[in-house]
Amino acid sequence: MSNRRATKGYGGVRLQTATCLDVTCLLHERALLELARESKAREAGDEQARQAAITHARRIALELVASIDLSKGELAESLHRLYCFAAARISPLAEPEDLEVAGDVLRELGQAYGELRTTGVDAPRAVLANL
């Protein structure tokens, strides 16, 4: 996702000055928010809201898949596999357990990026060249 597209879709001015690492963290946070919305909508029996949340969470997961520069080596390949694993489990027909597993993967990766964020280094640029 280009920063311009991300800016439009995920927060305007906040993203215009965001680093690659900031955008990556925001995407993880939003995907997790959408998975939480799916759960609440499922419990409430609101199928339309559930489908909207799943669709958005899946689109974010697929953007994260697409953001990986596979030419950057083993780390990039491993991240790509993890994002593919999560994205494959986020679907309208998914069981709640599948969505939970996808959320766990995205949460762990998001937390790792968050820890990198505290170092002040925009480390993911090496593997997330497409953000």
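The structure is a predicted model in which local features require pLDDT of at least 70 and side-chain atom pairs count only at pLDDT 80 or more, whereas totals for chains, interfaces and linings use all residues. Residues are numbered from 1 along each chain as its sequence is written, and side-chain values use heavy atoms, with hydrogens and water left out.

The protein contains 6 helices and 0 strands, where helices (H or I, at least four residues) and strands (E, at least two) are DSSP runs numbered from the N terminus. The order of elements from the N terminus is α-α-α-α-α-α. Of the 131 residues, 39% count as buried (under 20% relative accessible area, with exposed meaning over 50% and partly exposed in between; 1.4 Å probe, protein chains only). Among contacts (heavy atoms within 4.5 Å) between residues at least 6 apart in sequence, 61% join residues at least 24 apart.

Helix α4 comprises residues 47-67. Its 21 residues should span 30 Å at 1.5 Å a residue, and the end C-alpha atoms are 30 Å apart, in agreement; the expected span is 1.5 Å times one less than the number of residues. The buried residues of α4 include Arg50, Ala53, Ile54, His56, Ala57, Ile60 and Ala61. Glu63, Leu64, Val65 and Ser67 are also among them.

Helix α4 packs against α3, with axes that come within 8 Å and cross at roughly 155 degrees. Axes are lines fitted to C-alpha atoms, for helices over the stretch in contact, and angles run from 0 to 180 degrees between N-to-C directions. The crossing angle therefore makes α3 roughly antiparallel to α4 (over 145 degrees; under 35 is roughly parallel, 65 to 115 roughly perpendicular and the rest oblique). The crossing is left-handed, a term applied if the near helix is turned anticlockwise from the far one by less than a right angle, and right-handed if clockwise. On the α3 side the contact includes Leu27, His28, Ala31, Leu35, Glu38 and Arg42, and on the α4 side Ala53, Ile54, Ala57, Ile60 and Leu64. By class, 10 nonpolar, 2 polar and 6 charged residues take part in the contact of α3 with α4. Ala, Val, Leu, Ile, Met, Phe, Trp, Tyr, Cys and Pro count as nonpolar, Asp, Glu, Lys and Arg as charged, and the others, Gly among them, as polar.

The axes of α4 and helix α5 (residues 74-89) come within 9 Å and cross at roughly 160 degrees, so α4 is roughly antiparallel to α5. This contact joins Arg58, Ala61, Leu62, Leu64 and Val65 of α4 to His80, Tyr83, Cys84, Ala87 and Ala88 of α5. Its residues divide into 8 nonpolar, 1 polar and 1 charged. The crossing of α4 and α5 is left-handed.

Helix α3 (residues 20-44) also packs against helix α6 (residues 96-117), at an angle of about 155 degrees and with axes 9 Å apart; α3 is therefore roughly antiparallel to α6. The crossing of α3 and α6 is left-handed. The contact of α3 with α6 has 12 nonpolar, 5 polar and 6 charged residues.

Apart from neighbours within four places in sequence, Ile54 is in contact with Glu38, Ile90, Ser91, Pro92 and Leu99. The C-alpha atoms of Ile54 and Leu93, 39 residues apart along the chain, are separated by 9.7 Å.
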